[in-house]
Amino acid sequence: MATEKPRFSVTLEDTLLRRVDDYQFSYRFPTRSKAVVDLVRRGLAELENETESKSASPYSGEAQKLAKDYDSLDNWGKQAVRDLTDVELARVEDESRFFQNAETEQDSKIINLYLEPAAAGIATPLVGQDYEPYELGPDDPAGAAFAIRIQGDSMEPHFPDGSTVFVNHDALADGDIGVFCVDGGTVCKQYHYDRVLGITYLFSLNRDRADCDVVITSESNQSLVCQGRVMTKKRYPLPSVSL
């Protein structure tokens with residue numbers, strides 16, 4: 001029966017022609033032409049799928065929706081999203097650092113547990129009097145350099161009186177909890193540095209004990225030494241600053 005469909009001729013190598021014939025036989029096509037048409041359709045469909053995969057966004061639908069919503073925010077809203085993103089990324093990094101090497105640590109690790117914060121600043125602390133050996137357990141951060149026992153309620157409820165915190169020597173970032181020696185006295189506080197005013201704040205997490213905050217100005221001539229960074233599983237928001 002005559003057809004008005006376009007026609008064209010194709011020249012194939014013997015080996016390729018045999019493969020077409022095998023395909024025709026395997027799938028029971030009545031003619032070689034119908035087998036070739038089916039092969040062409042399958043090949044084009046495969047190419048379309050590959051193109052769609054390459055052009056597909058690597059981000060989830062939820063991520064793309066957030067990006068679209070972000071573009072509709074004003075500058076204040078965009079800055080708020082950036083700030084929250086920075087906090088959450090830092091939280092995830094903190095959790096990762098807190099448990100770093102915890103699963104691969106084979107040998108037990110002994111660190112000094114200082115019985116009070118001030119003992120961490122003693123050049124030659126006495127065992128049993130200033131500190132006691134502490135063996136890190138499976139739930140403790142393997143990267144800890146030493147530990148201290150908290151005194152007082154200024155860091156409650158996160159670090160209650162008598163609780164133990166683990167400390168390493170990582171660089172301190174704004175908002176981190178650290179152990180500091182201020183004019184010879186050792187405290188555990190939240191760190192914040194105002195670059196504009198040149199003021200260092202050591203905040204109490206318990207804002208009912210804001211009287212325990214330490215404020216160090218460039219003119220105060222106070223000595224400040226950071227003895228280590230407290231290893232935490234989360235970030236803590238900085239309180240508002242009022243002078």
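Reply: Start with the helix α2, which gives the largest share of the lining of the largest pocket, nine residues. This is a predicted model. α2 spans 32-55, and α1 spans 14-26; each of the two supplies at least two residues of the lining.

Eleven of its residues are nonpolar. Six are charged, and three are polar.

Next, α1, the other helix named above. α1 has 13 residues. From its first C-alpha to its last, α1 reaches 18 Å, close to the 18 Å expected at 1.5 Å a residue. Which residues of α1 are buried? They are V20, Y23 and Q24. Seen down the axis of α1, these buried residues fall within an arc of 100°, so they line one face of the helix. The other side of α1 has exposed residues: D14, R19, F25 and S26. Burial here means under 20% relative accessible area, and exposure means over 50%.

One backbone detail follows. Just after α1, R28 takes a positive phi of about 60°.

To put the pocket together again: α1 and α2 both contribute to the lining, with nine residues from α2.

Technical notes: Residues are numbered from 1 along each chain as its sequence is written. This is a predicted model: local features need pLDDT of at least 70, side-chain atom pairs count only at pLDDT 80 or more; totals for chains, interfaces and linings use all residues. Side-chain values use heavy atoms; hydrogens and water are left out. Helices (H or I, at least four residues) and strands (E, at least two) are DSSP runs, numbered from the N terminus. Ala, Val, Leu, Ile, Met, Phe, Trp, Tyr, Cys and Pro count as nonpolar, Asp, Glu, Lys and Arg as charged, and the others, Gly among them, as polar. The expected span of a helix is 1.5 Å times one less than its number of residues. Buried means under 20% relative accessible area, exposed over 50%, partly exposed in between (1.4 Å probe, protein chains only). The arc is that of the directions from the helix axis to the C-beta atoms.
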